[in-house]
Amino acid sequence: MRKVTYSMSMSVDGYIAGPDGDFDWPGFTDDVFRISLDEIRTIGVHLMGRRLYETMRYWETEDPAGFNDLEREWAALWNPLPKVVFSRTLTAVEGNARLATGTVADEIARLRAEPGEGDIAIGGATLAQDAAAAGLIDEYLIRVFPVLVGGGIPFFARDDQRVDLELLVCCTANSFLVL
């Protein structure tokens with residue numbers, strides 16, 4: 001069965017975006033970018049909410065002539081990757097994306113039942129909150145950046161539910177955790 005992963009970068013105080021929506025934090029080096037490249041190679045389909053979809057459209061709309069080698073490699077992997085977008089406001093999506101037709105639980109069940117390789121990745125805190133509440137996340141991949149933003153969008157939902165996690169990998173040089 002395909003594994004479901006939730007992967008995002010976060011601040012030390014637990015936010016994926018600051019109060020102003022900013023996520024341009026210190027510590028995003030080429031080494032950290034390479035970790036993201038390694039991760040995307042394991043993904044077969046990416047589920048995301050509208051905000052993340054709109055942010056990630058950058059890779060499909062920006063002129064790759066302005067990209068460095070790592071960015072070109074990322075775009076070459078990201079752009080053809082199948083994506084499922086969850087939105088209450090979008091009526092159409094572009095690129096290799098489709099709008100979700102059911103809940104996140106419905107989509108994950110359907111994707112797990114279909115033949116296919118690679119993990120089912122979830123991006124976006126709101127969507128991940130729904131998947132976590134349904135007990136569908138198998139692995140959390142967290143890149144922790146050395147900044148305190150003081151508020152914003154939290155990585156983990158604040159639902160007062162205790163979840164015990166097992167630390168599988170910790171790479172302090174790149175602030176990367178796998179739980």
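Start by selecting Ser-36 in this predicted model: beyond its neighbours within four places in sequence, Ser-36 is in contact with Trp-74 and Arg-143. Is Ser-36 buried or exposed? Its relative accessible area is 10%, and the cut-off for buried is under 20%, so Ser-36 counts as buried.

Next stop: the main core. Select Tyr-6, Leu-47, Ile-108, Ile-122 and Phe-155, the residues with the most contacts inside the largest nonpolar core, which has 24 residues. To see where this core draws its members from, colour the elements that give two or more residues to it: strands E1 (4-11), E3 (43-49), E4 (83-86), E6 (119-123) and E7 (139-145), together with helices H5 (104-113) and H6 (125-133).

Now centre the view on Leu-47. Which residues does Leu-47 touch once its neighbours within four places in sequence are left aside? Its contacts are Val-84, Phe-86, Val-104, Glu-107, Ile-108, Leu-111, Ile-120, Ala-121, Ile-122, Gly-123 and Leu-127.

Before moving on, pick out Phe-33, Met-48, Leu-70 and Ala-97: they are among the 19 residues of another core, which lies apart from the largest one.

For the last stop, go to Tyr-15, in strand E2 (residues 15-17). With 17% relative accessibility, Tyr-15 is classed as buried, because the limit is under 20%.

Methods
Residues numbered from 1 in each chain as written. Predicted model: local features only at pLDDT ≥ 70, side-chain atom pairs only at ≥ 80, totals over all residues. Heavy atoms only, no water. Core = buried A, V, L, I, M, F, W, Y, C linked by side-chain atoms within 4.5 Å. Buried < 20%, exposed > 50% of the residue type's maximum accessible area, 1.4 Å probe, protein only. Helix = DSSP H or I, 4+ residues; strand = E, 2+ residues; numbered from the N terminus. Contact = heavy atoms within 4.5 Å.
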